[in-house]
Amino acid sequence: MANRERNKKILLELVKLEDNSRCADCGAPDPDWASYELGVFVCLNCSGIHRSLSSRVKSIRLDFWEDKLVQFMKSSGNANAQALYEKAVPPYYYRPQQHDCNVLREQWIRAKYERKEFTGETKYPPVSYSTGFYEGMLWKKGKENTQFLKRKFVLSEREFTLTYYNKENESKGPKAVISIKDLNATFQPQKIGHPHGLQFTYQDEDHTRNLYVYHESAEEIVTWYNAIRAARYAYLKTAYPTGTDEELIPKITRNYLKEGYMEKTGPLQKEPFRKRWFILDSQNRKLFYFKGQLDAEELGVIFIGTESKGYSVKECVPKHARGNKWTCGVSVETPERQFVFMCEQEREQREWLEALRKVMSRPMAPQDYTGEHGFTVQRKSHQNSMKEL
């Protein structure tokens, strides 16, 4: 009993050390599990992934630790493991965080400890995402329907393009050739309804276009994701030759700050409220709205500037409410008009207010002014049609 308490105390002291105070795999604070095979301290979620890979794990607080295992943890630790297993992680490779989806965290753990992709040893053949060219089949959702069909995709870092074909026969040419310049990729398992669901977003003339894809293999879909990130990184290094990795890596791909349904009325605020799916892209300072959450193209887009430029957001109760089922109002004021949205719950209202204020509080970069001007022209075209509703 004395040994048990002594060993528990030693482990609790070890996990307080700076290198061990965050999960070795996802960075979650205060890990209370450990792999006594690898010598790393991990969080509960990552410990489950390690267990599924047959790696031996124990709870620091609840399990019995033998003296030799405690000594191994003392001589190992997260920093030593990182020096070995993360010695040569490419700068573009995505390192998952604690709130990322399971497929990203699992494949990161497998890549590190099982496939040993980052030890710095020369591999032949090289890992697929590092070659600058990747092709394969993905299940893609149709533009006008919910059916997913197999489509061939080809990624070329040399051409800075992602191409896909509607049929396996390529003789008819590609369905779309997407520039890496405008491409974003983000995992969307819940929205797509598949644990490996991935969303591609890019500019198609005056519209933002979404593609929704998945692959049955977890390793394959994460390889696609990191191959795209590798191509994007190469493009950014070419487009911004003086940019540092610290500046460029956050721009490779991004998750959206906030997504969800709100009800929206028209510019006169007398039109009926209609339910729309909203996406707030904080990097581009744009709030997109769609008829449904898996739509290929947006109905409209609202540029989100700064308060000093006449933008603001607040709670509101609309003067006229027709057709709305929800009662928690959000008002977005721009230099040209007021937008009124309704949220289903106060929690959603608070989250939208917080997210929009976060974007408004960030100073505008030079390219944002170009985006604001381009958006104004686009918005007028939307106003000329009734699509804005």
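Predicted model: local features only at pLDDT ≥ 70, side-chain atom pairs only at ≥ 80, totals over all residues.
Residues are numbered from 1 along each chain as its sequence is written, and side-chain values use heavy atoms, with hydrogens and water left out.

Me: In what order do the three strands of the open sheet stand?
Reply: Strands (E, at least two residues) and helices (H or I, at least four) are DSSP runs, numbered from the N terminus, and two strands pair if DSSP finds at least two bridges between them. Here the pairing is antiparallel, and the order is S2-S1-S3.

Me: Why is one side of strand S2 and of strand S3 left without a neighbour in the sheet?
Reply: Strand S2 (40-42) and strand S3 (57-59) each have a single partner strand, so one side of each has no neighbour in the sheet. The reason is therefore their place, at the edges.

Me: Which residue in S3 is the bridge partner of Trp33?
Reply: Strand S1, residues 33-35, pairs with S3 in the antiparallel sense over three bridges. In S3, the partner of Trp33 is Ser59.

Me: Is Val213 buried or exposed?
Reply: Val213 belongs to strand S10, which covers residues 207-214. Buried means under 20% relative accessible area, exposed over 50%, and partly exposed in between, with a 1.4 Å probe and protein chains only. Since the relative accessibility of Val213 is 0%, Val213 counts as buried.
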